[in-house]
Amino acid sequence: MFKNPEELKYTKTHEWVKEEDGLYVVGLTDFAQDALGDIVFVNLPQTGDTVTAGESFSDVESVKAVSDVFSPVTGIVAEINEEILDNPALVNEDCYGAWLIKVSDVTGTEELLDAAAYEEVCANEA
Amino acid sequence: MKLLFERSVKGRGSDILPEITTGSYRPEAKYLRQSKMHLPEISEVDLGRHYTQLMKQTHGVNDGFYPLGSCTMKYNPRVDEETASLPNFTQIHPLQPVNTVQGCMKVLHKAGRLLCEITGMDAMTFEPAAGAHGEYTGLLLIRKYHQDRNDTERVNIIVPDSAHGTNPASAAMAGFKVVNIPSNDKGGVDLEALRAAVGKDTAGLMLTNPNTLGLFDPNILEITRIVHEAGGLCYYDGANLNAIMGRVRPGDMGFDCVHLNLHKTFATPHGGGGPGSGPVGCKEFLKKFLPCHMVEERDEFYYFADPEKSMGQVRSFYGNFLVVVKALTYILTLGKKGIPEASGKAVLNANYMMHQLKDHYHVAYDQICMHEFVLSLDDLKKETGVSAMDIAKGSLDFGIHPPTMYFPLIVHEALMFEPAETESRETIDEAVKIYLDLFEKAHSDPEYLHNAPHHCPIGRPDEVKAAREPVLKYEFND
């Protein structure tokens, strides 16, 4: 089925998150990119914006629909992946490499799942 | 195929356009266009062939079955086009004195009254140009209502997750915050979630009933009661009125305002890029906020009047008038007996089709449906690799327009069928046979369907490239 790296944490709403150099890196899971289909646009916040755990910080448009992306953490956007804005197909090609945002000053998180628990969520939805 | 600009040859022309008889007028130099006009120069016969060629690449309701769910692509009687073409309707100007266009005023007045009767509303504006514009106007009514009572805390519009995408979009455009609530396992509104969502900040609820799954919500009276008790208003999205017209009225379900899509339900062709018409109706207490130019009547004289606390105009002049002419013709030709017959047959046709498909395809919510139903091809895709898209493309080879795909979003691999009342039993039987054959083909030769259609002028346009790198205008060399 879907490959979900062990070292990442996941949300029920199909985002992944990992800690890296004091920042939280956020992206979309394999399940999400597969369900969305070919992604044609990604809207990202600006650096310095605040994101809130459980609330939408971005939307992605695929040939099927526009969907919200929810933040796994509360904090401040430190960096956005500009490359994705020009080439949203990267999310389909390598969803665990193509991160969306990096968040600093994190004060709280959503309920985060490990890979095994997340795979269960996916199995129930499929 | 070549574009009109590519067919153009300098000096060639036709006599299609009449001579100018009003004399020439040359505006001041500063108003003149600087760039070249690039009007195509083309003979009449080549022009005709160009459009005939284009026509052959399309599929309309005159070509064959068109079960595009949520869109009501029914056949519209020719008589409605005929009346809308009468010169007394077409050769008028919106600024003409009202005493010279009393017939047209009467059309607006009478159509408004009849549509109020069908929806259970008290007043109706024809200004909104189409459905989403109607939604926006309806939401402005709700906003004006709360503002007028100095109740400024009501900022939330509640929208179920099965709603048309336009609902949350219109609410956001009208300055509201959208609160999404989930559906229950029967596809209706989750009452507990609704109770939890309403409060002092609730401006209103937007609902389609029957909803986008083609299901009539049996809790509708309870739903509107919950919203009213919290102080909010209820907005009815009339997109699916074709299922209930003449049988049950949004006004009696507890809705305070509605929009209709005359171009779905009331005899204007739909999907050609317009014009449409999205009239908004409301109960008496909201009437004073309606847009300007309401047609009133006194002693058989019709005139325009602006409601007391009108939101102002939402569109130039009086909306798409000729669409209203078609709607009035449709209502009058069908009459009190024909309108409920039409909705009844729309529902019967959908159930008849669903019933014959359901032993093979998985019906997303297996219960009696209204005018449309949704299949989920999730299982088929897992088993054979054939997706909803593949089946839709496959049906093109048999002269059927694909059903709505991948909507509503809460159903995976969704195909949504709306046969509409104008299709015969023979047409539906034939379509059912085609879909059952496609189901078999998915198991015997999935590759064939991955590459379908095989016999259409256009097969699988590159949707991804079209979205990522759209070419929106023709680039001339000079």
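This note goes through a predicted model chain by chain, from overall build to single contacts.

1. Chain A, build. Chain A holds 4 helices and 9 strands. Their order along the sequence is β-β-β-α-β-β-β-β-β-α-α-β-α. With a radius of gyration of 13 Å, close to the 14 Å that the globule rule gives for 126 residues, chain A is as compact as a globular protein of that length. The C-alpha trace of chain A spans about 35 × 30 × 20 Å along its principal axes.

2. Chain A, interior and contacts. Buried residues are 37% of the 126 in chain A. Among contacts in chain A with a separation of 6 or more, 63% link residues 24 or more positions apart.

3. Chain A, sheet. An open sheet is built from 6 strands of chain A, in the order β1-β2-β3-β9-β8-β5, and the pairing is antiparallel. Its edge strands are β1 (9–10) and β5 (50–51) of chain A, each of which pairs on one side only. At the β1 end, 2 bridges join β1(A) to strand β2 (residues 15–20) of chain A in the antiparallel sense. Y10(A) has W16(A) in β2(A) as its bridge partner.

4. Chain B, build. Chain B contains 17 helices and 13 strands. The radius of gyration is 25 Å for chain B, close to the 23 Å that the globule rule gives for 478 residues, so chain B is as compact as a globular protein of that length. Along the principal axes, the C-alpha trace of chain B covers about 70 × 65 × 45 Å.

5. Chain B, interior and contacts. Of the 478 residues in chain B, 43% are buried.

6. Chain B, sheet. In chain B, 7 strands form an open sheet with mixed pairing, ordered β1-β7-β6-β5-β4-β2-β3. The edges are taken by β1 (123–125) and β3 (177–181) of chain B; each has a single partner strand, so one side of each has no neighbour in the sheet. From one strand to the next the twist averages 25°.

7. Chain B, one strand pair and a helix over the sheet. Strand β2 (residues 156–160) and strand β4 (residues 202–207) of chain B run parallel and are joined by 3 bridges. Here I157(B) is opposite G204(B) in β4(B). Strand β4 of chain B also lies under a helix: α9 (residues 220–229) of chain B lies across β4 and β5 (233–238), at about 160° to β4(B).

8. Chain B, a helix pair. Two packed helices are described by the angle between their axes and the distance between the axes. For helix α5 (residues 102–119) and helix α12 (residues 321–357) of chain B, the angle is about 45° and the axes are 9 Å apart. α5(B) and α12(B) are therefore oblique to each other, and the crossing is left-handed. On the α5(B) side the contact includes C104(B), V107(B), L108(B) and A111(B). On the α12(B) side, F321(B), V324(B), L328(B) and I331(B) are among the residues that make the contact.

9. T427(B) sits in helix α15 (residues 425–444) of chain B. Is T427(B) partly exposed or buried? T427(B) has 16 C-beta neighbours inside 10 Å and so counts as partly exposed. F65(B) is 362 residues from T427(B) in sequence, yet the C-alpha to C-alpha distance is 7.3 Å.

Technical notes
Residues numbered from 1 in each chain as written. Chains lettered and ligands numbered in written order. Predicted model: local features only at pLDDT ≥ 70, side-chain atom pairs only at ≥ 80, totals over all residues. Rg over C-alpha atoms; globule rule 2.2 N^0.38 Å. Buried ≥ 20, exposed ≤ 12 C-beta atoms within 10 Å, placed from the backbone. Pairing = 2+ DSSP bridges. Contact = placed C-beta atoms within 7 Å. Axes fitted to C-alpha atoms, helices over the stretch in contact; angles between N-to-C directions. Parallel < 35°, antiparallel > 145°, perpendicular 65-115°, else oblique. Left-handed = near helix turned anticlockwise from the far one by under 90°.
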